[in-house]
Amino acid sequence: MEFVTEEGKQLHDDCSTLILPALSIGNVGQLAIDLLVSSLRAERIGYLDDPSVLPCVGNDAYGSSLQGTLALPLEAYDSTSDALTLVQQRSPIVKGMMIEFAKNLANFAATSGKKHVVVLSSLDSGRRQKIDMSSNTQIYYLSSTSTDGTDGDCEKLGWKRLQEYNPEQRRWKYLCDLAERDSMEEDSFSFEDEVVDEDYYPSLPFAALFSCCKAKGLKVTCVLSYCSEGDNIPDSFLLAEAACKLLGKNPNKSHGNNDNGWLIPFSWRTMYGPPPDMSLF
C-alpha cells in the first residue's frame with residue numbers, strides 16, 4: 001500500500017488516532033466517515049493506493065462548487081484541531097484479498113505513528129440472535145485492550161461487547177494466525193469460504209481489520225451497530241455520534257446544516273435519487 005500526499009500536504013504527527021470504515025450492510029461505516037469528515041472540516045491530505053481495492057472515481061463528495069476535484073477509492077483526511085486522521089473507502093475489496101488489505105492498512109497506521117485505530121461498521125440485524133429489551137443501547141464494541149474484547153471506557157458509555165466474539169473459536173483463532181504471519185499463504189480453509197453461523201462475524205471486514213491492527217500492537221476499537229438495508233442515514237448518525245463519544249469530540253461545534261449540528265455532505269443530496277414527481281399524485 002502506497003500513501004500519496006496531495007501537493008503541499010503531509011500527514012500530521014499529532015493526529016495519533018485513525019478512524020476508518022469497514023464495509024458492511026448498508027455502507028453505514030462509510031456514511032459515518034462522510035459525516036465526520038464534513039462536520040469536522042477535515043482536510044484531504046492524500047490517498048492510499050492498494051491493488052486489493054477496486055478502482056472508482058467521482059466528483060468531490062464534500063465541496064458544493066463544481067471544481068472537478070476527483071474523489072478516489074481510498075482517501076486520507078486530517079483534522080488537526082481534533083488530532084484525528086480519517087480514511088474513507090469508496091469501493092470494495094477484490095475477493096480473496098481482505099486479509100492482505102487489512103495487513104497493508106494496519107502497516108500504514110503503524111508506520112504513520114497512529115496509536116489508536118477506530119473501526120466503524122454495521123452488522124446485519126437478521127443475524128442478531130438476542131435482543132435485550134431492557135437496554136436502549138444500539139451500539140456494540142470490540143476492543144483490543146483485553147483478551148476477551150472488553151473495554152472499560154466503552155462500558156462506561158453504556159455499550160456492550162459483541163457477544164459473539166470468542167477468541168478461542170476456530171475462525172477467530174485462524175484469523176489471528178493469518179494476521180500474525182508474514183506470508184499470505186492460507187491453509188486449512190479459505191477465509192472467504194461459505195461459513196456457518198458461528199463463523200459469520202470473524203468473516204466480516206471489521207474482524208480482519210481488528211485482528212491485523214491488533215497484531216501490529218495498535219490499540220483498536222470496533223464500534224458496531226445492527227441495521228438492515230434501506231435508508232441508512234439514521235444509522236450513520238448513530239455510528240458517527242458513537243465515535244465522537246468514544247474520543248471525546250463534539251462535531252456540533254461545526255455549526256452544520258442539520259438540526260443536530262452535523263454538516264451534511266454535499267454528495268448526500270443525490271444519495272437516494274431525486275424526489276418523486278408530485279404530478280403523479
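Predicted model: local features only at pLDDT ≥ 70, side-chain atom pairs only at ≥ 80, totals over all residues.
Local features need pLDDT of at least 70, side-chain atom pairs count only at pLDDT 80 or more, and totals for chains, interfaces and linings use all residues. Residues are numbered from 1 along each chain as its sequence is written, and side-chain values use heavy atoms, without hydrogens and water.

Nine strands form an open, mixed sheet in the order β1-β3-β6-β7-β2-β8-β11-β9-β10. Strands (E, at least two residues) and helices (H or I, at least four) are DSSP runs, numbered from the N terminus. Two strands pair if DSSP finds at least two bridges between them. The edge strands, β1 (2–5) and β10 (160–161), each pair on one side only. Strands β2 (17–21) and β7 (84–89) run parallel and are joined by three bridges. I19 has L86 of β7 as its bridge partner. Helix α5 packs on the sheet and touches β2, β8, β9 and β11; contact means heavy atoms within 4.5 Å.

In helix α4 (170–180), R171, W172, Y174, L175, L178 and A179 are buried. Buried means under 20% relative accessible area, exposed over 50%, and partly exposed in between (1.4 Å probe, protein chains only). The buried residues of α4 fall within an arc of 160 degrees, so they line one face of the helix. The arc is that of the directions from the helix axis to the C-beta atoms. Their cover includes α2 (98–111), β9 (139–143) and α5 (205–215).

Two non-glycine residues have positive phi values. N27, about 55 degrees, lies in the loop between β2 and α1 and is partly exposed at 40%. A83, near 60 degrees, lies between β6 and β7 and is partly exposed at 26%.

How values were computed: Axes fitted to C-alpha atoms, helices over the stretch in contact; angles between N-to-C directions.
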